[in-house]
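Student: I would like a close look at one part of this model, and then at how the rest of the chain is arranged. Please take your time over it.

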Amino acid sequence: MLVVGLTGGIGSGKSTVAKLFAERGAAIIDADVTAREVTQTGSSAYTSIIKHFGDNVVLEDGSLDRTRLRQIIFHDPKERLWLEKLLHPLIKDEMQQQIAKMHAPYCIAVIPLLLEVEFYSFINRILVIDTPEAEQVRRVMLRDNISQTEVEAILESQASRHDRRAKAQDIIINDGNPEDLIPQIDKLHQQYAKGAP
């Protein structure tokens, strides 16, 4: 099965694009959802995170305070690298297992940090959603109710727009007009449905 790695910076529209591909029959797997699964309360990754960061990253119900954790890792590159080293092999293995069980013409693997971490060997093509940075900042401030400075810190920790475009086999332009996504996705869907990596 063809596996397309869908990536893009924060606020680029990955969830919207994945949903549109799902509506056309693609199997979807999301690294963020998988990350939640491998860090569930009581898991070995959960235990390692608490041991490393302390109780200040735990909510009252015992689950991880992901907002607090995100603030820590986006302000401290060493902590971000520690967490990535712990989680990415687990996420990668879990995604691979789930993909092996899928039955669809092709799979869209939504991986926000696809180009920032060690390559995912099961990815056959890279699809980048390209969005102007000003638009990303606007969307994320609105969606997450955070400051411009916080959004810019996150953008700074991610691959640059230029680097993402350079590594992509396919690009979707998402610059603010949702209806403009449809013809782009329809074209790629027809290409991917043929199934050849």
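Student: Leaving aside its neighbours within four places in sequence, which residues is Asp65 in contact with?

Tutor: This is a predicted model, in which local features need pLDDT of at least 70 and side-chain atom pairs count only at pLDDT 80 or more, whereas totals for chains, interfaces and linings use all residues. Residues are numbered from 1 along each chain as its sequence is written, and side-chain values use heavy atoms, with hydrogens and water left out.

Once neighbours up to four places away in sequence are set aside, Asp65 is in contact with Val57, Val58 and Leu59, where contact means heavy atoms within 4.5 Å. Asp65 belongs to the loop that runs between helix 3 (44-53) and helix 4 (66-75); helices (H or I, at least four residues) and strands (E, at least two) are DSSP runs, numbered from the N terminus. With a relative accessibility of 18%, Asp65 counts as buried, a word that means under 20% relative accessible area, with exposed meaning over 50% and partly exposed the range in between (1.4 Å probe, protein chains only). A polar atom of the Asp65 side chain lies 3.1 Å from the backbone nitrogen of Arg68. This is a polar contact in the sense of a pair of N or O atoms within 3.5 Å, of which, within protein, one must be able to donate a hydrogen and the other to accept it, and residues adjacent in sequence count only if both atoms are side-chain atoms.

Two C-alpha to C-alpha separations place Asp65 relative to other parts of the chain. Ala31 is 34 residues from Asp65 in sequence and 18 Å from it in space, while Ile129, 64 residues from Asp65 in sequence, is 28 Å from it in space.

Ala31 itself is in helix 2 (residues 31-38) and counts as buried at 6% relative accessibility. Beyond four places in sequence, its contacts are with Ile91, Met95, Val110, Ile111 and Pro112.

Helix 5 (residues 77-100) holds His88, which is buried at 17% relative accessibility and, apart from neighbours within four places, is in contact with Leu113, Val117 and Tyr120. Between Tyr120 and His88 the C-alpha distance is 9.5 Å, for a sequence separation of 32 residues. Leu113, in the loop between strand 3 (106-110) and strand 4, is partly exposed at 24% relative accessible area. Leu113 touches Thr7, Glu84 and Gln158 as well as His88, when residues up to four places away are not counted, and its C-alpha is 7.3 Å from that of Gln158, which is 45 residues away in sequence.

Gln136, in helix 6, counts as buried at 1% relative accessibility and touches, among others, Gly9, Ile10, Val151, Leu155 and Arg164. Most residues other than glycine have a negative phi.

As for the whole, the protein chain has nine helices and five strands, in the order β-α-β-α-α-α-α-β-β-α-α-α-β-α along the sequence. Its radius of gyration is 17 Å, close to the 16 Å that the globule rule gives for 197 residues, so the chain is as compact as a globular protein of that length; the radius is taken over C-alpha atoms, and the rule is 2.2 Å times the number of residues to the power 0.38. Of the 197 residues, 45% count as buried, and among contacts between residues at least 6 apart in sequence, 73% join residues at least 24 apart.
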